[in-house]
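Here is a quick tour for anyone meeting this complex for the first time. Have a look at the model, then read on.

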Amino acid sequence: MSIQQTATAPAIAQTQTNQKIMTSTSDTYKTVGRNIIPNPKFSTRNVNVFYGDKQAIFDTSLDIGNNEVVALIGPSGCGKSTFLRSLNRMNDTIPICRVTGEFTLDGEDIYAKTMDPVLLRARVGMVFQKANPFPKSIYDNVAYGPRIHGLASNNAELDEIVITSLEKAGLFKEVKDRLNAPGTGLSGGQQQRLCIARTIAVSPEVILMDEPASALDPIATAIIEELIDELRENFTIVIVTHSMQQAARVSQRTAYFHLGKLIEVGKTSQIFTNPRCELTENYITGKFG
Amino acid sequence: MSNIKLVEKNLKKRYARERRFQLYGKMAVLTGFIFLALLLIDIISKAMPAFQATEILLDIPLDHATLELEPAQKLDQDTLSALNYAGLIKTALRQAFPEVTNRSDKKLLYKLVSDGAEFTLRDHIISNPELIGKDSISLWIKADDDIDTLFKLETLTSRVKPEQVAFVEQLKQENRIATHFNTTFFSNSDSREPEQAGIKGALLGSFWTLLVTLLLSLPIGIGAAVYLEEFAPQNKLTDFVEININNLAAVPSIVFGLLGLAVFINFFGMPRSAPLVGGLVLSLMTLPTIIISSRAAIKAVPPSIKEAALGLGASHVQTVFHHVIPLAMPGILTGAIIGMAQALGETAPLLMIGMVAFIVDVPGGILDSATVLPVQIYLWADSPERAFTALTAATILVLLVFLATMNTLAILLRKHFEKRW
Amino acid sequence: MHNETPLKGHISKRFDHELEDIRNRVLTMGGLVETQVNNGLKALLESDSATAKIVAESDYAINSLEVEIDERCVQILARRQPTAGDLRLVVAIIKTITDLERIGDQAEKLGIFELELIDEGASSSQFVKLEHLGTLVSNILHNALDAFARMNAEDALLTIAMDSKIDGEYEALQRQLITHMMEDPRNIRNTLRVSWCARALERIGDHATNICEYVVYLVQGRDVRHTDYASLTQTNDD
């Protein structure tokens with residue numbers, strides 16, 4: 001995998017001079033890089049998100065391919081979380097939030113009247129910044145999704161789903177003797193992996209992660225990152241992260257947001273070695289004022 | 001002067017201020033504690049006599065001649081209830097004091113025992129019919145309330161005659177007068193005679209009233225809280241409802257009583273003095289408390305748990321019923337119990353709907369006439385007999401015990417169900 | 001401190017693979033370079049024009065490997081932010097491949113000189129004088145690559161010591177060649193070629209020494225460049 005990534009990177013670097021593109025942050029702007037790709041899993045066009053009178057996302061278009069990890073980075077308040085939450089209509093729960101634009105998952109309009117948000121969220125799972133296991137047992141945490149969606153017809157099937165999910169989340173070995181212990185009794189990193197297990201128990205196609213490791217210590221973070229890398233084989237993952245290093249480590253493509261605008265999208269290897277926009281360069285090199 | 005010197009200079013002042021503040025706090029707590037202690041000591045010391053009843057040991061003749069019964073006569077219920085128990089007690093008293101012959105002295109002698117003594121004797125005989133025919137049995141008979149006060153508190157009142165004091169002295173010497181635990185207090189209902197009065201009726205009245213209150217206010221309160229917190233659209237109407245719920249909590253309770261009188265009794269024609277109406281009125285009063293505390297509990301459920309459920313594809317209703325309500329339950333229950341405790345201690349609205357009547361019967365259901373503990377206290381506090389003072393205090397104590405138990409229960413429930421997240 | 005498998009055991013298995021991959025590529029590059037040097041020597045000593053041609057034309061493979069490894073190292077620096085042993089490995093590799101590439105250039109020179117010689121139809125008999133120096137250089141290069149492959153600092157230090165022998169041999173050879181030129185000026189043209197080859201071989205020895213110094217840096221974390229040999233052998237314990 002890494003061979004393919006790196007082989008194309010010099011090509012990009014050679015085709016252009018190192019003159020950075022000064023992106024205007026005025027109302028009209030154009031995203032730099034390949035924000036539109038062939039055969040996307042998720043496709044968004046001209047997305048605008050408003051909180052009341054305040055606009056949080058401006059005219060953003062971004063495609064997400066199958067089985068890739070796309071990292072959304074940018075300074076606080078740049079709209080990356082808002083964008084992420086509009087992908088599974090979590091913004092619907094905020095009354096003053098208004099979303100416009102085209103969102104398609106496998107070509108299906110997810111904001112269509114016929115699309116049930118409950119069904120959508122079964123297809124597009126979400127992992128949150130703070131590990132938020134239910135105050136129930138480890139087993140019940142993972143079994144909750146399959147239960148409400150009726151994915152298992154009997155207890156044996158449910159057991160199977162729970163165990164497979166915990167295994168995929170790399171947690172089964174650590175908790176197999178205490179599946180009935182409360183999920184809240186686990187360590188922070190284990191709780192977050194429990195939340196990931198809970199999400200994949202519903203067999204979503206896409207997993208959205210909102211700063212999944214921001215509250216964890218470096219080792220727990222590394223374990224989560226390794227897990228994300230493994231999950232990529234079966235899921236498409238969009239991750240919002242405050243840590244540029246994390247984006248560099250886990251993602252194949254990186255999208256840089258700035259003040260609600262998608263400034264630059266590109267292969268992670270290119271973004272972190274030779275970004276094309278000055279804004280991106282300033283942010284990832286820590287010169288962002 | 002350097003900064004550090006300035007800081008040093010002010011440091012002493014700052015510490016002194018902090019110490020002063022702590023001292024004020026300690027004094028405030030101490031004052032509150034002293035008042036509480038005084039109150040409790042006063043009530044307990046006043047209540048203690050009520051838990052003890054003075055009783056006189058009488059040898060009651062039960063031979064057939066005295067009872068005017070044929071030895072062969074069948075002893076059925078009617079015969080037994082028709083016996084002259086009052087006469088028997090008088091006979092026993094005369095036998096205990098053979099030297100009393102004077103008619104007025106005899107009257108005073110008869111007044112040593114409670115008016116209810118004959119019923120005690122009757123109940124004893126009816127439950128033990130085999131005693132009939134024996135020469136005599138020894139039985140502790142309740143003393144009259146004045147004698148009770150005289151014996152327990154050793155204070156003379158104008159209601160006790162010197163002859164009676166002499167009788168008591170004589171009984172004392174013969175070890176025929178003593179105090180025993182007052183079971184009557186818990187097994188009888190209200191009575192005009194303090195030594196016969198108990199709180200069973202009021203207790204059951206409180207029970208039925210609270211049952212109605214609980215069954216009405218808990219589901220309605222939780223339902224309203226969940227709807228307002230989770231589902232209600234954010235608009236002017238919702239704001240209006242919210243403001244009014246908060247206002248209702250501040251309405252004087254007697255207004256609810258007037259409302260109950262006007263609506264439930266006069267308009268709907270429900271029975272007066274019934275726990276049903278009392279419960280309805282108290283529900284109106286506790287609802288705001290329950291709604292406000294339930295909303296606070298629901299608001300305290302971390303949004304991350306709601307998001308987790310929504311993110312897994314749970315619907316809004318599922319999220320609320322699977323996660324929000326169970327997590328808010330300890331808080332809701334605490335609020336409900338505190339609301340119930342408030343209702344248990346409430347008097348004013350119940351006065352308005354007639355639960356202040358003198359009721360001797362123990363209520364058997366929510367439609368029977370009844371009174372409640374705080375009203376009973378109010379009634380007895382008004383009574384002239386000295387012994388009622390002790391009964392009042394004792395009832396207050398019982399009420400306090402119930403309130404404390406309910407509050408403890410609230411704390412225990414919260415501790416037990418509270419989960420970490 | 002000295003981890004037996006310093007490349008293994010990261011939580012991220014992909015990182016393990018990436019480090020292992022660049023190391024393997026460096027070994028491949030080392031193998032290519034060694035073959036080039038040995039072939040160059042063989043061409044010189046045996047006047048083998050076919051081998052000389054191969055040597056002169058094979059350097060591009062080494063160069064493209066250098067570019068590739070460099071790019072990979074940059075990716076690792078950018079995306080993994082390596083630290084400690086990992087960082088030393090990446091830095092050592094970036095430096096090692098530069099030296100390897102230069103060795104490759106020198107080996108290429110050997111082939112080109114031989115081809116020129118053959119073009120001019122001159123005798124290459126003088127090149128046999130390089131045999132001893134060539135063997136020494138071939139050995140030092142082999143040892144250096146071996147030390148790198150096994151990440152063995154002790155071997156690397158021993159190999160560094162070998163360089164003085166090469167320098168001595170080179171000096172002696174130069175004197176011999178100068179004498180030769182003074183004897184008969186007609187020899188100068190050919191002798192100069194031999195001298196340049198000797199110079200190339202001596203440079204290869206220096207580059208191999210550099211690689212050994214990087215191995216010491218990689219394993220022990222100390223910089224032993226520009227220090228004399230006596231202080232090198234003392235293990236640095238602070």
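## A strand tucked away in chain A

In this predicted model, strand 10 of chain A (residues 261-267) is largely enclosed by the rest of the structure, because 7 of its 7 residues are buried. Buried here means that 20 or more other C-beta atoms, placed from the backbone, lie within 10 Å of the residue's own; exposed means 12 or fewer, and partly exposed is in between. Helices (H or I, at least four residues) and strands (E, at least two) are DSSP runs, numbered from the N terminus.

Strand 10 of chain A has a partner: strand 9 of chain A (residues 253-258) pairs with it in the antiparallel sense over 6 bridges. Strands count as paired if DSSP finds at least two bridges between them. Across this pairing, A:Arg253 stands opposite A:Lys267 in strand 10 of chain A. The hairpin of strand 9 and strand 10 of chain A has 2 residues between the strands, and A:Leu259 takes a positive phi near 50° there.

A word on the ground rules. Residues are numbered from 1 along each chain as its sequence is written, while chains are lettered from A and ligands numbered from 1 in the order in which they are written. As this is a predicted model, local features need pLDDT of at least 70 and side-chain atom pairs count only at pLDDT 80 or more, whereas totals for chains, interfaces and linings use all residues.

## Where chain A meets its neighbours

Residues are in contact if their C-beta atoms, placed from the backbone, lie within 7 Å. With chain B, 21 residues of chain A are in contact with 17 residues of chain B. On that side of chain A, helix 3 (117-123), strand 6 (124-127), helix 4 (138-149) and helix 7 (188-200) each supply at least two residues, and helix 4 of chain A gives the most, with 4 residues.

The contact with chain C takes 16 residues from chain A and 13 residues from chain C. Here helix 1 (2-14), helix 8 (218-231), helix 9 (244-250) and helix 10 (268-271) of chain A each supply at least two residues, and helix 8 of chain A gives the most, with 5 residues.

## Chains B and C

Chain B is divided into domain 1 (52-196) and domain 2 (200-417), with bounds from an automatic or database domain assignment. The centres of these two domains of chain B, taken over C-alpha atoms, are 45 Å apart.

Chain C has 8 helices and 0 strands. Its radius of gyration, taken over C-alpha atoms, is 20 Å, close to the 18 Å that the globule rule gives for 238 residues, so chain C is as compact as a globular protein of that length. The globule rule is 2.2 Å times the number of residues to the power 0.38. Buried residues make up 43% of the 238 residues in chain C.

Chain C averages a pLDDT of 87, and 92% of its residues score at least 70; pLDDT is the predictor's confidence in each residue, from 0 to 100. For the complex, the predictor gives an ipTM of 0.83 and a pTM of 0.75.

Conventions: Two residues are in contact if their C-beta atoms, placed from the backbone, lie within 7 Å.
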